[in-house]
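Hello,

I am handing this structure over to you. Below it are some notes on what was found.

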Amino acid sequence: MRDRRLLVLAASAVAIVAFGVYGVMAAPGAVVASPSPRSTPTEEPRPDPRLTLSDPAPVTPTPVTPTPQDGPAQAGARYLTAWQAGDLAAMADLVADPPADFADRHRRFDADLRASLSSLAPGELHRESEAAELSFTGVREVAGLGRWPFTSVLRLVMRADTWKVLWSPETMHPALKDGGRLVLKETEVRRPATLTREGVPFPRDSRAGDYFTGLGDTVLDVKLEEESSGRVLLASPPRPPSGRKTTISQPVQAAAARALDGVGQPAAIVAVDIKTGQVRAVADGLGRMEAFNGLYPPGSTFKVVTAAALLHNGMTPESQVACPAGYTIPNGRSFTDSDGVDHGTVSLTTAFALSCNTTFAQQAYERLRDDRLRAEAADRFGFREKPGLSSCRIQPYESADQLGSDAIGQNSVQASPLCMAEVAAAVASGVWRPAITTAEPPADSPPPVPLGDEVASGLRTMMGAVVGRGTAAGAGLPPDTAGKTGTAEVENGEDHAWFIGYRGSLAFAVFVRHGGAGGAIAAPIAARFLNAL
């Protein structure tokens, strides 16, 4: 009985020891809380009768989870995040051996291209051992151009057990590889407030700036280019013209402006559409809009009007007239011709082609008294005070001498180049109409005036002879041109040079102030103008 009690006591002691060991092994590193005085047990714990020294409880240790190291994807993502945030210092910390000017390069790149980074997104990762490449896409905003998407690659390497970005300039953009450069080019593009009838800008140096506003307005055309290849990466969107259209024709205006290049004296060319009277070109080197409003003696170009008056008063192009070297109005002044040659009796057409002053002074004295010449000029060719673009006038004569001088475009006769272009257009179409720079004539515009079929036909014949065998025959004018030369005498200066005419759909006037003889100076300018069309 005693031996049995000793055996039970021994088993209890072993159980208590085994339980303590099990508690220590089951919670390694655990903090053991001290029991509270209020939780002190009132009786000893009873041993588990199933525990024996030969059957200890199993012990399973808890594993320690290591701190994960960044892979290349995570390192690349952190670099892109810092880049998008503009944190250049954080970016440099993530770069293996960053250049000393790393931050400056990024700043200069953005400043030079006026670019700002708006987004970055990582793409596919390709890894080989301790090197990797992470593709990415981005979008920059370029001032004046808008969004600029791009793609590039982050190269990553393992350095001291840490993934780092292997930076190079092409990381910012592939075009920077091997010293490549991106450049932002700005070019001034004309954006005028006024356009030609075709909806395009006036030609450069058009000589029309006094007549139309905003011809020199410009905007900047911006392009982002690869410097070496010239490949355009981004460009300003096309800007459709938005200016106000005029009646001016771009090719006609260009031909007129270039025809005056190199002319030594102030000059002008005006061209109008024969059927509508719309101004197709005004190249004015005279200043102060004198191509429309200047008043100059038209010289022999006015013989078109005088010839029309003679045809209206019974003559024909074949009528025989005298063309002497000199003619004196009875009890009046004498008139001479520039060539000083007595051509004898010729047709009115020949006298017109040779520009015989003597013939027209004599015929005006004999046939156009009683104010017939002024009436012809005023009623059928617009030589009167009137609203309109052009200026021209003739006064009532007070003597036969004045009438003879008016007949050859001197004395009181004055006209602007536009007025004389209207005269040429009237011959071509058979109807005089005022020139306009609008689609339709203004409400206060003078009405069109027919010349009469026979008169218009006769004048066409006579103007054709001027170019074919008259004073403009050697000027180089293209075929089918008809016209009239004019050399207007002025006091205290060289003569004014004129040539008016028509060809195709255009009528025109060329005027050179103090230029000299019309056939030698103005007609060749007209030839340059017409041959350029």
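Does glutamate 226 count as buried or exposed, and at what relative accessibility? Glutamate 226 counts as buried, because its relative accessibility is 15% and the cut-off for buried is under 20%. Please keep in mind that this is a predicted model.

Glutamate 226 also forms a salt bridge with arginine 231, with 2.8 Å between the closest N and O atoms. Arginine 231 is partly exposed, at 47% relative accessibility.

A second salt bridge joins the side chains of lysine 185 and glutamate 225, at 3.1 Å from N to O. Lysine 185 belongs to strand 5 (residues 182-190) and glutamate 225 to strand 7, so this pair ties together parts that are 40 residues apart in sequence. Lysine 185 is partly exposed at 42% relative accessibility, while glutamate 225 is buried at 11%.

Strand 7 (residues 218-226) also holds aspartate 221. Aspartate 221 has a relative accessible area of 19% and is buried. Beyond its neighbours within four places in sequence, aspartate 221 has contacts that include Lys185, Glu186 and Arg239.

Elsewhere, the side chains of arginine 374 and aspartate 371 meet in a salt bridge of 3.0 Å, N to O. Arginine 374 is partly exposed, with a relative accessible area of 28%, and aspartate 371 is partly exposed at 23%.

Regards

Methods
Residues are numbered from 1 along each chain as its sequence is written. This is a predicted model: local features need pLDDT of at least 70, side-chain atom pairs count only at pLDDT 80 or more; totals for chains, interfaces and linings use all residues. Side-chain values use heavy atoms; hydrogens and water are left out. Helices (H or I, at least four residues) and strands (E, at least two) are DSSP runs, numbered from the N terminus. Buried means under 20% relative accessible area, exposed over 50%, partly exposed in between (1.4 Å probe, protein chains only). Contact means heavy atoms within 4.5 Å. A salt bridge is a side-chain nitrogen of Lys or Arg within 4 Å of a carboxyl oxygen of Asp or Glu.
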